[in-house]
Amino acid sequence: MKLYYSATSPFVRKCLISAHELGLRERIELLSAAPHPVNRDRALVACNPLGKAPALVTDEGIVLYDSRVICEYFNAIGGGQLIPAQGAARWSVLTIQALADGLMDAAVLVRYENAARPENLRWVDWVEGQLAKVTCALDELERRVSAWSAGVDAGSIAVACALGYLDFRYATLGWRERSPKTAQWFDTFAQRQSMLSTQPPAA
Ligand SMILES: N[C@@H](CCC(=O)N[C@@H](CS)C(=O)NCC(=O)O)C(=O)O
């Protein structure tokens with residue numbers, strides 16, 4: 001399998017951690033990509049018309065995106081322990097994943113706003129709206145921490161990637177002070193080999 005990869009993408013990280021936890025990591029070849037909302041990476045666009053990473057090419061040559069579909073695929077071929085097959089547990093895991101993905105979406109958009117958009121075109125209220133999504137998502141995770149933090153699954157992996165991305169790009173945000181129970185969980189989870197081997201480079 002080939003995975004279009006960016007070392008700084010929390011969505012790519014989510015897929016790699018899932019692959020690692022399922023014992024699939026060695027089967028994945030990484031194809032370096034440079035996803036960008038304006039300067040689109042041609043090779044990536046040829047694979048995923050949205051031009052977003054991650055995208056996966058399976059051994060059968062089938063292209064899969066986005067990260068949720070890729071994680072679902074890994075789960076299907078890797079034993080199924082990251083996403084419960086049915087029942088309340090399934091919807092809970094998938095909803096936590098969606099919450100963490102939404103946090104990452106908002107944080108990545110703010111990153112593009114601050115790093116890619118020309119200064120004279122920036123809109124402060126829009127950035128604040130995105131950051132409000134981040135803080136509301138953090139508050140919801142903190143409220144429901146006992147419900148999602150017990151296992152290693154698609155939900156907790158996505159949360160770990162979201163928190164890791166906040167550490168990487170928004171070290172001054174102070175999310176740990178806002179979310180002490182989540183922070184305590186993260187400090188333990190971050191010691192897993194799957195997390196250590198996928199850390200983003202120094203910001
Ligand atoms: N919903 C997508 C989001 C992926 C995403 O936003 N990736 C970013 C990199 S972190 C990207 O490719 N950005 C390029 C763009 O927005 O055009 C997923 O879950 O895979």
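User: In which loop is the place of D66?

Analyst: This is a predicted model, in which local features need pLDDT of at least 70, side-chain atom pairs count only at pLDDT 80 or more, and totals for chains, interfaces and linings use all residues. Residues are numbered from 1 along each chain as its sequence is written, and side-chain values use heavy atoms, with hydrogens and water left out. Helices (H or I, at least four residues) and strands (E, at least two) are DSSP runs numbered from the N terminus. On that basis, D66 belongs to the loop between β4 (63-64) and α3 (67-77).

User: Which residue is joined to D66 by a cis peptide bond?

Analyst: The omega angle of this bond is about 5 degrees. Another cis peptide bond, with omega about 10 degrees, joins A53 and P54; P54 is in the loop between α2 (42-47) and β3 (55-57). The cis partner of D66 is Y65.

User: Of the residues around the ligand, which come nearest?

Analyst: A residue counts as near when one of its heavy atoms lies within 4 Å of the molecule. Around the ligand there are 13 residues, and those that come nearest are K52, A53, D66, S67 and Y112.

User: What percentage of the ligand's exposed area does the protein bury?

Analyst: A side-chain N or O atom of D66 is 2.9 Å from a ligand nitrogen, and a backbone N or O atom of A53 also lies 2.9 Å from a nitrogen of the ligand. For Y112, a polar side-chain atom is 2.8 Å from a ligand nitrogen. Taken alone, the ligand exposes 510 Å² (Shrake-Rupley method, 1.4 Å probe). The share buried by the protein is 88%.

User: Which backbone nitrogen does the side chain of D153 reach?

Analyst: Leaving aside neighbours within four places in sequence, D153 is in contact (heavy atoms within 4.5 Å) with L82 and V93. Its side chain also reaches a backbone nitrogen at 2.9 Å, that of S156.

User: With which side chain does the side chain of E21 make a polar contact?

Analyst: E21 is found in helix α1 (residues 10-21). Beyond four places in sequence, its contacts include L82, V152 and I157. The polar contact of its side chain, at 2.8 Å, is with R192.

Terms used. Polar contact = N/O pair within 3.5 Å; in protein donor to acceptor, adjacent residues only side chain to side chain.
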